[in-house]
Structures are given as structure tokens and as C-alpha cells.
Amino acid sequence: MRIKDCNNTADFRKLAKKRLPAPLFHYIDGGADDEVTLRRNTEAFNDVRLIPNALADLSSMNLAVNVLGQDIDWPVFCAPTGMSRLFHHEGERAVCRAAYQQKTMYSLSTVSTVSIEEIGALTPGPKCFQIYIHKDRALSYEFIERCKAAKFTSLCLTVDTLVAGNRERDLVTGMSIPPKFTLSSMLSFMLHPNWALHYLTSEKFQLANVSGHIDDGTGKLISVMNYINKQFDRSITWKDAEQVIQAWGGPFAIKGVMSVEDAQRAVDVGASAIMISNHGGRQLDGATAPFDQLPAIVDAVGDKIEVILDGGVRRGTHVLKALAMGAKACMIGRGYLYALAAGGQPGVERALARLRQEIERDMILMGCSSIAELDRSRLYID
């Protein structure tokens, strides 16, 4: 299988599995505990069906939306994902360039392997930076100032990762940052010589935004779960979120909102948007899916704040269902990480282009010429 043979997320996943050592593939692919929530995130879309209309004038199509203060050409953008150079040597650079080429927004993680400054200078496209609050609180405010200087257009605060979820696949495979070459993992690395060659000959692995501040960001071997448990601050409150929002002073999202109560609190502290997310099923297993929570949250705060759906999106029809339910836009994470692992920037560009083509085709089949025409009258709900 080659990149040109990949037409959907499942295809890119198969190719990524072939090209990545097992610990790295399963880090992308896995969830918490029994992975019930991981599976439900996508299955939830099947509980709602689309109702098309016919004989509409579809000679033109408008998929554009304004989200977090930025105009993007279609209603999907790239979620923040950490440590992308583990999956392909171009890492965050490849995804940022692909997002710009496909006329959408890129989000950079606190625990990225390329710095705020480099990504800020890489393209003129819209960029969001995702903050985790570390125990060293000064880091958060340093991130904000660095993002202002690098001309990022928005920020988001992830609030669902105060402790690492029980990601048992990582325990089984011995996933660590940077990757640990042991007797048990060596065979997998040896069976993927292209990945190993690029990893060994590319620049040294580091968590670029915290390197120099935290020893664990400078290449010191540590498990992903231990990093989260050791470095992330569990004492943060809504007051802290409000202070970070005020310090930024621009479009700001709270990521990891799953309840109506928290959505209302996000409005109260001055957030511009909420990202309904359960961290891709990687944190609390048994939690409800973002799409399950979408209607209640939209009904409660949709006229006061932008509602963005993150989790389980694999198809254009998933995006249409989310938009019709009231979401402003959707994000994808695994959807582009599989493609990154499968083929770097060309892989990500193809994955994004194929998803956009699906959305355009599905809009035509729905009898809709613009996103504004999607509402709950177009949904059949059990």
C-alpha cells in the first residue's frame, strides 16, 4: 500500500501500522483502560442519520467558517497532538505546512517537538497554541508571551489531563519519550529501518517548548504517563483559566469540556470557544462521547460561545452531523497522525484533501450549498 492508495482514515491507519514501530503506532492508536470511550467516540455518529433534500441549486458551494477569529476554507482543522516527530521526522512542520496548503488552521501542542517560534515563522496561516498548565506556573505565561511574539492567532487550554489516563497499550509496549531501545522493542525497530534511520540521523529529540526549563523535556528518558503525572499541575481552577484568558487577550478556547456545567463556566470566565473533547478516549474510559454531549451543550451555550467538536471524526458525514447538531467546526487528531506516519506532509495533505472532498460531496448529496443550511431539521435522531 502507498499513499496514493489511501482514501480514508482506515487506509492511512493500515499504512501507519506498517511504517511505525509498534510502541509508536499503539501510542497513536490506543485509548484508556478497555478503550470503550475510544470506540464510542466514532460509534456515536451512527446513532444519528442524515435527511437529504433534493432539487436545490448546487451550482456553487461554500464551506467556509470563521472559528477562533479566523476564516478557514472548510469546517475542520488540526487538533494539537504532542511529540509528532516520533511518528515522522518532519513532525509538526509537516502538519503545519499541510494545514496551510489545505487552507485550514493548525494547532501546536505544549509538548511539541518543534518550537513555538519555528512554527510561528513556518507559514502565514492561522495557528492555535495549546497550553497545559505545568507546576512551574511561570511557564504558562512565558508560553503566552512567546505566542504573541510568534503571531499565533489563538490559544486553548486543555483541562482534562491533570493525571494520565491508564493507557495500557503503552505499558505493554514500553512506550517512552524519547523511544527506548530495549531487547523487547529492538525487533520492532529493526523491522522499520526507514523510521529508525530518520530518527537516528535527524536532530536530537526534545520537547522543544519546555526544553531548558524542565529536565524531562531535554531528552531524558521518561514514560509519557510519568511526564504528565510529574509535570502537570492538578491544582488549577476556573480562576486560573480566567487569568490565562486575560493574559492572552485574544481568541481563547477551553479544551476538554464535556458537561453543560463546565460549558457555562467557560462562558463565565470569558472564553471565546469550547472544544468538546474527552482527549480521544485516552483519559476517562466509560465517559460519554463528544458527539453525545453536543446537543445539550449547544442548547445551553451555543448562542454565547463557539462550540467545536473534537473526537471520533473519521468521515465527511461525521462533520455534517456535528455541524447540523450545532457545532461551529470539528477538529481531527488521529486522522492526520496516521497520515503523517504513513507519508509525512504529502500524507497529511492527502488525508485533509480527501476529507474535504467527502464533505463537499456529502453537502451536494444533502442538497446544501452552504454550512449555514445545516441544522437539526436535517437529522433523524432515534
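**Entry 1: the contact of H1 with H15**

I looked up which residues of H1 meet H15 in this predicted model. On the H1 side I noted Thr9, Phe12, Arg13, Leu15, Ala16 and Arg19. On the H15 side I noted Gly335, Tyr338, Ala339, Ala341, Ala342, Gly343, Gly347, Arg350 and Ala351.

Two packed helices are described by the angle between their axes and the distance between the axes.

**Entry 2: Thr9**

I then turned to one residue of this contact. Thr9 is found in helix H1. Is Thr9 buried or exposed? Its relative accessible area is 15%, and buried means under 20%, so Thr9 is buried. Setting aside residues up to four places away in sequence, I found that Thr9 touches Arg314, Gly335 and Tyr338.

**Entry 3: Gly333**

I looked next at the loop between strand S11 (329–332) and H15, where Gly333 has its place. Gly333 counts as buried, because its relative accessibility is 15%. I asked which residues Gly333 touches, not counting residues up to four places away in sequence. They are Ala79 and Thr81. I also recorded a separation of 9.2 Å between the C-alpha atoms of Gly333 and Ile28, which are 305 residues apart along the chain.

**Entry 4: helix H14**

How many of the 10 residues of helix H14 (residues 316–325) are buried? I noted nine, so H14 is largely enclosed by the rest of the structure. The buried residues in H14 are Gly316, His318, Val319, Leu320, Lys321, Ala322, Leu323, Ala324 and Met325. After H14 comes Gly326, and its phi is positive, near 125 degrees.

Most residues other than glycine have a negative phi. I looked up two residues with this in mind. Leu68, in the loop between strand S2 (65–67) and strand S3 (70–72), has a positive phi near 50 degrees. Leu68 is also buried, given its relative accessible area of 1%. Lys103 is not a glycine either, yet its phi is positive at about 60 degrees. I located Lys103 in the loop between helix H4 (91–101) and strand S5 (106–109).

**Entry 5: Ile119**

I found Ile119 in helix H5 (residues 116–122). Its relative accessibility is 0%, so Ile119 counts as buried. What is Ile119 in contact with, leaving aside its neighbours within four places in sequence? I listed Glu92, Arg93, Cys96, Tyr106, Leu108, Val114, Lys127 and Phe152. For one of these, Cys96, I also noted the spacing: Ile119 and Cys96 are 23 residues apart in sequence and 7.3 Å apart in space, C-alpha to C-alpha.

**Entry 6: Arg146**

Arg146 has its place in helix H6 (residues 138–149). I recorded a relative accessibility of 15%, at which Arg146 counts as buried. Apart from its neighbours within four places in sequence, Arg146 is in contact with Ser115, Ile116, Glu117, Ala208 and Asn209. Between Arg146 and Asn209 I noted 63 residues of sequence separation and 9.8 Å in space, C-alpha to C-alpha.

**Entry 7: the chain as a whole**

Lastly I looked up the totals. The chain has 15 helices and 12 strands. Its radius of gyration is 20 Å, close to the 21 Å that the globule rule gives for 382 residues, so the chain is as compact as a globular protein of that length. Along the principal axes, the C-alpha trace spans about 60 × 50 × 40 Å.

I noted that buried residues make up 58% of the 382 residues. The accessible surface of the chain comes to about 15,200 Å², and 51% of it belongs to carbon and sulfur atoms. Among contacts between residues at least 6 apart in sequence, I recorded that 73% join residues at least 24 apart.

Key: Residues are numbered from 1 along each chain as its sequence is written. This is a predicted model: local features need pLDDT of at least 70, side-chain atom pairs count only at pLDDT 80 or more; totals for chains, interfaces and linings use all residues. Side-chain values use heavy atoms; hydrogens and water are left out. Contact means heavy atoms within 4.5 Å. Helices (H or I, at least four residues) and strands (E, at least two) are DSSP runs, numbered from the N terminus. The radius of gyration is taken over C-alpha atoms; the globule rule is 2.2 Å times the number of residues to the power 0.38. Buried means under 20% relative accessible area, exposed over 50%, partly exposed in between (1.4 Å probe, protein chains only). Accessible areas come from the Shrake-Rupley method with a 1.4 Å probe; for residues, only the protein chains shown count as cover.
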